[in-house]
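Subject: Structure handover

Hello,

Here is the structure I promised to pass on. Please open it and keep it beside this email as you read.

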Amino acid sequence: MKKIFGVIILVVFCMFINVKAVNITVDSNTKGTVDTNSYLITSRGSVDVDPTNIGNDTFSLYKILDAFYNSTSNVITYEFTSNFKKFLTSNSTYKNLTVGDYFNLTSGDITSGSTVTNSTLDKLMSAYTTYIKTNSIVSDEYLDIVTPVYSGAYLILPNATAKIYSVMVANVVFEPNNIGEWFLSNAFIVPKVAEPSITKSIGAIGDIERDYYLVDDISYYLVATVPRYPTNATNTVYTIKDTLGSGLTFAGVNNISIRDGSVTLTNTNGIFKDSSDNTVGSASITGNNLVITFYTNYITNSTITVEYKANFNTGAVLGELGNLNSATLTYSNDPYYTGTTTTTAVSVGAYTYGIELLVYDRDNMATLLSGVTFDVYSDSGLTRKVGTITTGSDGVGTLRGVAAGTYYLKNTKTATGYGLATTVSMSVKINGSVDGTIDGYYKVKIPTIKVATLPFTGGLGTIIYTLVGLVVIITSFMIFSLYRGKNKNKRLS
């Protein structure tokens, strides 16, 4: 299995700073069990944590080792604390662990602190962390940047936090010089931490608002940073939930694409696998909710990118309110127990608008015209038609779901007795009001002119006179012909 790469590591780097020789003080009422002539050391050193990157987080200390001093032999011995002994007894893997074994695991003064190896120290401390949380063990000290502590070894765990920490171990121990003097080494912890995050974009990564036509496919992008959980973590929840507004509908799980870094995973009905056939994530859609569950052991990069598509439905909101939606990332901030926390991405908006026409008689604005039709184009050349508007009995017609831009309205059918209106243009603006757009419709009023009804003069009058003239001519011709016929017959007789 490939090792996980990411930003969620807590490297515990313990530096021990030697100070001047000290006189060791003890509690004369508490004897050691390994050396019955030794007493519990009460001399104090300190645990110092680097404040970089930890914000306001605080920590609790759980003592692992007590230190005992025999002043006669000038020898210091270490014993496990009562709580740690109870843990060892309850754990089959570590029930035979000795103090010597422990110090060998920590390589002397410096702990490994690794979160990507299977080092026994990590496993031991992780197991003890789970024991502490499961059994509600009370901490020995509260650590806030710098804390004075008794000599010994301590497990350091964060208190309530949204960040991910591995276990940390600090050894506050005495070191001898060659003449038998003791120097107390204080622990300095430099935690390297990270806090997972999620961002949401629309149209392109980085954009938080776009405008669309009602029929457009809308692309959404989710980019989430991925924690590098310790390999021995028992709690690795990492889930993205995306909820669309009521005016939007998911295109389906087969339209989802997920990239692990730059590598696109294979999507088979919402199951996402890598090239080794490991299931990296699974997606499900229920109503307007998309849930993607990831299995972080198989994520190899520090970011996951999700792309999916959605469409407007009949409930799409028009205008400046937009169709808003966001996403949340829920992840384990306690790798060794049950804690999770949720972070929310900034909302993004999909905007669409409407066009409303009011057609009226130019000479009488109270006369509204029904049955008037306009074709709507998105270019002045009238080649890209986006829809048709026909007015109703109130003289109003609408086109729902257009993007911002300039539109050209060509009158193709008019009311009886009226001529065609001149082609007009109008502006639809994103997040800007022109002539009242509370309802999401940009409005334009278009006047029309009556076609004049001509009297029986001119063209029609001439026809009538022509007809009368023809009747007179024909009648005269017939009378003339009849008269000539009678005269001819008289001459022949």
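Below is what was found in it, from the whole chain down to single residues.

First, some ground rules. This is a predicted model, in which local features need pLDDT of at least 70, side-chain atom pairs count only at pLDDT 80 or more, and totals for chains, interfaces and linings use all residues. Residues are numbered from 1 along each chain as its sequence is written, and side-chain values use heavy atoms, with hydrogens and water left out.

**The whole protein**

The protein has 4 helices and 34 strands. Both are DSSP runs, numbered from the N terminus: helices are H or I with at least four residues, strands are E with at least two. Of the 493 residues, 43% are buried. Buried means under 20% relative accessible area, exposed means over 50%, and partly exposed lies in between (1.4 Å probe, protein chains only). Now take the contacts between residues at least 6 apart in sequence: 69% of them join residues at least 24 apart. A contact here means heavy atoms within 4.5 Å.

Look at helix α1 (residues 82-90) and helix α3 (residues 120-134). Their axes come within 10 Å and cross at roughly 105°. Axes are lines fitted to C-alpha atoms, for helices over the stretch in contact, and angles run from 0 to 180 degrees between N-to-C directions. The two helices are therefore roughly perpendicular to each other. The cut-offs are these: under 35 degrees is roughly parallel, over 145 roughly antiparallel, 65 to 115 roughly perpendicular, and the rest oblique.

Which residues meet? From α1 come N83, F84, K86, F87, L88 and S90; from α3 come L124, M125, A127, Y128 and Y131. They divide into 8 nonpolar, 2 polar and 1 charged. In this count Ala, Val, Leu, Ile, Met, Phe, Trp, Tyr, Cys and Pro are nonpolar, Asp, Glu, Lys and Arg are charged, and the others, Gly among them, are polar.

**A four-stranded sheet**

Next, find the open sheet of 4 strands, in the order β30-β29-β32-β33, with antiparallel pairing. Its edge strands are β30 and β33 (424-428), and each pairs on one side only. Neighbouring strands are turned by 30° against each other on average, direction ignored. Two strands pair if DSSP finds at least two bridges between them.

Walk through the pairs:

- β29 (residues 373-377) and β30 (residues 385-390) share 5 bridges; V376 has G387 as its bridge partner.
- β29 and β32 (residues 405-413) are joined by 5 bridges; D375 stands opposite K410.
- β32 and β33 pair over 5 bridges; T406 has S427 as its bridge partner.

Is β29 enclosed or open? Here 5 of the 5 residues are buried, so β29 is largely enclosed by the rest of the structure. In a regular strand the side chains alternate between the two faces of the sheet. In β29, T373, D375 and Y377 point one way, and F374 and V376 the other way.

Strands β20 (271-273) and β21 (279-286) pair in the antiparallel sense over 3 bridges. F272 stands opposite G281. D277 is exposed, at 52% relative accessible area.

β21 then pairs with β22 (289-294) through 6 bridges, again antiparallel. T286 has N289 as its bridge partner. This hairpin has 2 residues between the strands, and G287 takes a positive phi near 60°.

- N269 lies between β19 (266-268) and β20. Its phi is positive, about 55°, although N269 is not a glycine. N269 counts as exposed at 57% relative accessibility.
- I299 is in the loop between β22 and β23 (303-312). I299 counts as buried at 1%. The C-alpha atoms of I299 and V280 are separated by 6.5 Å, though 19 residues apart along the chain.
- T58 is in the loop between β4 (44-49) and β5 (59-70), and counts as buried at 15%. The side chains of T58 and Y142 make a polar contact of 3.0 Å. Such a contact is a pair of N or O atoms within 3.5 Å; within protein, one must be able to donate a hydrogen and the other to accept it, and residues adjacent in sequence count only if both atoms are side-chain atoms.

Best wishes
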